[in-house]
Amino acid sequence: MNGTEFRIIDTMSRSLVNPISISGLTTEIKDQFGSAYYPNIYKALLSLKDENIIQIERQGKSSIPLLNFTNYLLPDVLTETELQKKREFLEKWPEAQSLLASLDNAFSDLSFIKSIILIDPQHNMKLNRAELLIIINEKDEAKREQTRNLMQEIKRHFIRTEYLIMTEGELINYLKSQENNPIKEMLSNKITIYSPQHFWTLIRNAYAHGIRIEFDTKQTNPLKISDRDLTYNLARLGYRELGPEIRQGEDISIEYIIASIFLGEDKRRIAAITILLAKNKTNYGLLAFLSQKYVFAEKLLGMLIALKGIAPSGELDNSITILRGAGVRPTKFDESHIRNTLQLYGIGIR
């Protein structure tokens, strides 16, 4: 793969949701890498098409290049891209090599660890931190616990390392969701540092089964979710506020909505969080991950502790363990007030 082909594949693999024209692709490559020339991009695309790595479709007057996920060998090409990104990253940030080596040493003998992904690596390294998505093959609590214990050991040496553990099935569910959610956005800017072949084979197999996978380069900031979108999603998720007219907005995941409420100034909406958690399936691990990224972990931990006293669950226990292990001190929440709120909305509790 030459330099132009690498830039094309890398750019196309960052966004699996909005196919763009060759001209648009050239612009994105220029934005990402500093330079790009349409004739060179066009020539390289034809070569990739001849190799069956991409397809070029006509949409109106535009030619739209698409990664060819029907090609059994496409994961090999995408793996090569990931390895090159990893080499270039370590050339620029050699201090990250010790973290990556520690991850390899900790997880290389564990067959249930399928891939490890470094999220937004350049930006996070500038902040002297790292974010990891660890993909496991099944929802086995003993394996999650083993992974958490190994990560806690690694965090003793690399303190500003946050991680999220997710099964392959959970990952695909987020990637096929029509909601704006953190996972689709994370994977638009990442390096698969451990077993990229498995990761891209998982994505190819999803396409083979007719599942529409999305990576989204648009980044949602919970602090900037509009009141219109917040009100719309609260109603969509089962909490309808008195007064405001509900107008159609963007579908946004429950984890982002809860983050937005915790970060906002409207204290009465805090009560809505308990209703949302009771009425909807929530990934508490993802919620804990976001709480550390956006600095509302103390509030989240306090609420989870209060909810545990009302309706205990293993998922609550795991998130509480993660946050306490990170040294988070909980904000105090009134358990009786939460209980009364849930009863007011007719939600059964123990």
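Helix axes are described here as lines fitted to C-alpha atoms over the stretch in contact, with angles running from 0 to 180 degrees between N-to-C directions. The structure is a predicted model, in which local features need pLDDT of at least 70 and side-chain atom pairs count only at pLDDT 80 or more, while totals for chains, interfaces and linings use all residues. Residues are numbered from 1 along each chain as its sequence is written, and side-chain values use heavy atoms, with hydrogens and water left out.

The chain contains 17 helices and six strands, assigned as DSSP runs (H or I of at least four residues for helices, E of at least two for strands) and numbered from the N terminus. Its radius of gyration, taken over C-alpha atoms, is 22 Å, close to the 20 Å given for 350 residues by the globule rule (2.2 Å times the number of residues to the power 0.38), so the chain is as compact as a globular protein of that length. The C-alpha trace spans about 65 × 50 × 35 Å along its principal axes. Of the 350 residues, 51% count as buried, that is, under 20% relative accessible area with a 1.4 Å probe and protein chains only; exposed denotes over 50%, and partly exposed the range in between.

Helix α5 (residues 97–107) packs against helix α7 (residues 141–155) at an angle of about 145°, the axes being 11 Å apart. This crossing of α5 and α7 is right-handed, a term applied if the near helix is turned clockwise from the far one by less than a right angle. On α5 the contact (heavy atoms within 4.5 Å) involves L99, S102, L103, A106 and F107, and on α7 it involves T147, L150, M151 and I154.

E170 lies in helix α8 (residues 168–176) and R144 in helix α7, so parts 26 residues apart in sequence are tied together. E170 and R144 are both buried.
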